[in-house]
Amino acid sequence: FTAYVALSAKDGAMAGDVAIVGLPFTMASDFHVDYPCAAFWTNISTGATNPTLMAFIGYGSAEITLYCGGNATAGASVTASMIASNTQIMVSGSYHV
């Protein structure tokens, strides 16, 4: 699969962790591992030096969870406060159903 999300506006009341939800299938839960996805992004403010975006599909889940990190920065969930009204995210991968 490949998914491309491009925001044209952001609700000021948006809060919490950011995820891409509504995948067409739930990932199988028999392997007990998260499946990584390739990720590309623009306009996410992580505050980290050399920021990196990571995307995973958790076992038994139908959503892509987004994490960010960077040099000497622990990985953390991407939150609504980090994205802008022009954020773009592209993820690509595959998962076991």
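**View 1. The largest nonpolar core of this predicted model has 18 residues.** A nonpolar core is a set of buried Ala, Val, Leu, Ile, Met, Phe, Trp, Tyr and Cys residues joined through side-chain atoms within 4.5 Å. Buried means under 20% relative accessible area, exposed means over 50%, and partly exposed lies in between (1.4 Å probe, protein chains only). Look for Ile-44, Ile-57, Ile-64, Leu-66, Val-78, Ile-89 and Val-91, which touch the most other members. Two or more residues come from each of β3, β4, β5 and β7. Strands here are DSSP runs (E, at least two residues), numbered from the N terminus.

**View 2. Here is Leu-66 with its contacts.** Contact means heavy atoms within 4.5 Å. Leaving aside residues up to four places away in sequence, Leu-66 touches Val-18, Leu-53, Met-54, Ala-55, Ala-76, Ser-77, Val-78 and Ile-89.

**View 3. Strand β7 pairs with β1 and with β3.** Two strands pair if DSSP finds at least two bridges between them. Five bridges join β7 to β1, and the two run antiparallel; Val-5 stands opposite Ile-89 of β7. Between β3 and β7, also antiparallel, there are six bridges, and Ala-38 faces Ser-92 of β7 as its opposite residue.

**View 4. Two aromatic pairs turn up in the whole structure.** Rings of Phe, Tyr and Trp (its six-membered ring) pair if their centres lie within 6.5 Å; planes under 30 degrees apart count as stacked, over 60 as edge-to-face and the rest as tilted. Phe-1 and Tyr-95 are edge-to-face, at 5.9 Å centre to centre with 75 degrees between the planes. Phe-1 sits in the segment before β1 (2–6) and Tyr-95 in the segment after β7 (83–92), so this pair ties together parts 94 residues apart in sequence. Phe-1 is partly exposed at 35% relative accessibility, while Tyr-95 is buried at 16%.

**View 5. Phe-56 and Tyr-67 form an edge-to-face pair too.** Their centres are 5.9 Å apart and their planes 65 degrees. Phe-56 belongs to strand β4 (residues 49–57) and Tyr-67 to strand β5 (residues 63–71), eleven residues apart. Both count as partly exposed, Phe-56 at 25% relative accessibility and Tyr-67 at 31%.

**View 6. Asn-43 has a positive phi of about 60 degrees.** Most residues other than glycine have a negative phi. You will find Asn-43 in strand β3 (residues 35–44), partly exposed at 37% relative accessibility.

**Notes.** Residues are numbered from 1 along each chain as its sequence is written, and side-chain values use heavy atoms, without hydrogens and water. In this predicted model, local features need pLDDT of at least 70 and side-chain atom pairs count only at pLDDT 80 or more, whereas totals for chains, interfaces and linings use all residues.

Methods. Helices (H or I, at least four residues) and strands (E, at least two) are DSSP runs, numbered from the N terminus.
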